[in-house]
Each structure stands twice: as C-alpha cells, then as structure tokens.
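Student: I would like to learn how to read the features of a model like this. Where do we start?

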Amino acid sequence: MPSHVLILGGTTEARELAAVLAGHPGVRVTTSLAGRTARPGAVAGEVRTGGFGGADGLAAWLRERRVDALVDATHPFAETITANAARAAAATGVPAVVLRRPGWRQGPRDRWHPVPSLPAAADLLPALGSRRVLLTTGRLGLAAFAHLTGPHFVVRSVDPPEPPLPPRLDVILARGPFTAADESALLRDHRVDTLVTKDSGGTATSAKLAAARDLALPVVVVRRPPLPPGTRAVPDVAGAVEWLGRHLK
C-alpha cells in the first residue's frame, strides 16, 4: 500500500511538492486547499477543498484516511491552520513538518518599517504621512485599514475583496507573478508613496520590493507570526522531500 502524504497547500511550494510526490509510485498525495481563492492553480494528485473543523477535525481526518505524513505548506501567515496542524499531528502521532520559504532580507537601500501585525501597519501610516498606499496584504486583511479615511488605497487581489474596506479605494484584480518593471509602472501610475506588504518571502512576489527600492519608497513590512513551539521546518521542496524520505516507511 502506498504511503499517504497530506499537504496543506495554497502556495507555489505546495504545488511543486505535490508534483514531485505524484511521480512516485509508492506515494499517494492529497493536497488540501482552504477554498479562499476562486480559481486556484492546477495541483497534481488528489485535491480536497475546505476546512477540517479545527485541530480535532484534522486529527480525525488523519486517522480516517490513514495519513502517514503531514506537510504544512500553507502561507507563512496562515497562523491558525499551522497551529491546528501541529496540534493534530501531536494528537495522532503523524510525523509533520512545515515547509516555509525563508523571509525577505532588507538591503542597504531598502526603507523598511517592520511591524508585528496588520493593525500596527495601519497605525503607522499616518505617522509616515502616507497619502497613496499600495496594499498587497491579501484581501482578507483589509479590515485593519477600514477606519483610515485619509490615505487613498490601491489594493491588488486575485479575487474581489469583501467589506469592511477603506473608504478611499481602488481595486486591481490580477494574478502574479509580476516583474519589477510591472511593479514600477503600477507604483508610478497610481502615484503610490507607501507600500504595505507581508513578509511572505520567496521570489514570486518580491519584485514590488525592488520597485519600491528603486523609487526610494518606504515599505511597511508585516513580520511573520512565529511557528508553534517544537515545530520542525524545512525551507524548500528539496528539504521536504528529504524529510519525507526519512519518515515514510
């Protein structure tokens, strides 16, 4: 019987890992998607959509489907899902690892303002004198900025955002990746004077940082939440494959 691997997905790394594992005859791979994106990209292997019902629901699913290993390859800011995965793995004894790409590193020409949360980012904007702000924090985090009536916000999202939203808002529906030239044009066309982003890491969304650097714009960077205590983590797909090779029978 093939080993069953559950990937908690939604990231580029999750899709890449699923594609690698689907090519192994001794592995059955299931990727779970939260269902927050209306048009997710194609994923190799089996796919399930929707939540599990918290840590207890995930633990029950691991037992019922006889999962041999769990890879949490969700977004670095999917804090609740990561916590539930750690609890479910501990409750069932299923080996688990977090696949988390490294965060971005500030360079000498970057004008970064690190903050611990989206509400902290919103609190900082008036102090920076921000008038036109590009928000690339995801459509589900816009409520943190809904009370700000001064700045004009530009929001880029794959799917339309839902209220509460800032009162002065332009929405751009687009799916990346974007080049540095794309990002520079966006910043100039919308006369953006401040960029707000989450430290998602990786190269797929880093072009906006290069564009902001070239235009000498301040960037408010929301730091990642910490991983649960005792969590095992690997930085890339190769690391996840190597870890699975040691933990699968």
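Tutor: Start with the naming: helices and strands are DSSP runs, numbered from the N terminus. Keep in mind that this is a predicted model. Thr197, for example, is found in strand S10, residues 194-198.

Student: Is Thr197 buried or exposed?

Tutor: The cut-off for buried is under 20% relative accessible area. Thr197 has 0% relative accessibility, so it counts as buried.

Student: Which residues is Thr197 in contact with, leaving aside its neighbours within four places in sequence?

Tutor: Its contacts include Trp104, Thr136, Thr137, Lys208 and Leu209, together with Val219, Val220, Val221 and Val222.

Student: How many of the five residues of S10 are buried?

Tutor: Five of the five are buried, so S10 is largely enclosed by the rest of the structure. Both faces are covered: Thr194, Val196 and Lys198 lie on one side, with Leu195 and Thr197 on the other.

Student: Which strands does S10 pair with?

Tutor: Strand S7 (residues 132-136) runs parallel to S10 and is joined to it by four bridges. Within that pairing, Leu134 stands opposite Leu195. Strand S11 (residues 218-222) also pairs with S10 in the parallel sense, over four bridges. Here the bridge partner of Thr197 is Val221.

Student: In what order do the strands of the open sheet come?

Tutor: The order is S3-S2-S1-S4-S5-S12, six strands with parallel pairing. S3 (46-49) and S12 (233-234) stand at the edges with a single partner strand each, so one side of each has no neighbour in the sheet.

Student: How should I read a nonpolar core?

Tutor: In soluble globular proteins, nonpolar side chains tend to be buried together. Here the largest nonpolar core has 20 residues, and those that touch the most other members are Val5, Ile7, Leu17, Leu21, Val71, Leu99 and Leu244. S1, helix H1 (12-22), S2, strand S4 (69-72), S5 and helix H7 (237-247) each supply at least two residues of this core. Apart from this core lies another, of 17 residues, among them Val133, Ala144, Phe145 and Val220.

Student: What does Leu21 touch, leaving aside its neighbours within four places in sequence?

Tutor: Leu21 is in contact with Val5, Ile7, Val27, Val29 and Leu244.

Student: Where is Val155, and is it buried or exposed?

Tutor: Val155 is found in strand S8, residues 152-157. At 1% relative accessibility Val155 counts as buried. Val155 and Val171 are 16 residues apart along the chain, while their C-alpha atoms are separated by 4.9 Å.

Student: How do I describe a pair of aromatic rings?

Tutor: A pair of aromatic rings is described by the distance of the centres and the angle of the planes. There are two aromatic pairs in this model. One of them, Phe52 with Trp61, is edge-to-face, at 5.6 Å centre to centre and with 75° between the planes. Trp61 counts as buried, at 10% relative accessibility.

Student: Which charged residue lies over the face of Phe52?

Tutor: Arg48 does, at 3.9 Å from the ring centre. In another case, the charged end of Arg156 sits over the ring of Phe178, 3.9 Å from its centre.

Student: What should I look for in the backbone angles?

Tutor: Most residues other than glycine have a negative phi, and most peptide bonds are trans. In this model a cis peptide bond joins Pro163 and Pro164, with omega about 10°. Pro164 lies in the loop between S8 and strand S9, 169-173. The bond from Gly176 to Pro177 is cis as well, with omega near 10°.

Student: What is the phi of Arg191, and where does the residue lie?

Tutor: Arg191 is not a glycine, yet has a positive phi of about 50°. Arg191 lies in the loop between H5 and S10 and is exposed, with a relative accessible area of 55%. Ala216 also has a positive phi, about 60°. Ala216 is found in the loop between helix H6 (207-214) and S11, and is partly exposed at 41%.

Note on methods. Residues numbered from 1 in each chain as written. Predicted model: local features only at pLDDT ≥ 70, side-chain atom pairs only at ≥ 80, totals over all residues. Heavy atoms only, no water. Phe/Tyr/Trp six-rings, centres within 6.5 Å; stacked < 30°, edge-to-face > 60°. Buried < 20%, exposed > 50% of the residue type's maximum accessible area, 1.4 Å probe, protein only. Lys NZ or Arg CZ within 6 Å of the ring centre and 35° of its normal. Pairing = 2+ DSSP bridges. Contact = heavy atoms within 4.5 Å. Core = buried A, V, L, I, M, F, W, Y, C linked by side-chain atoms within 4.5 Å.
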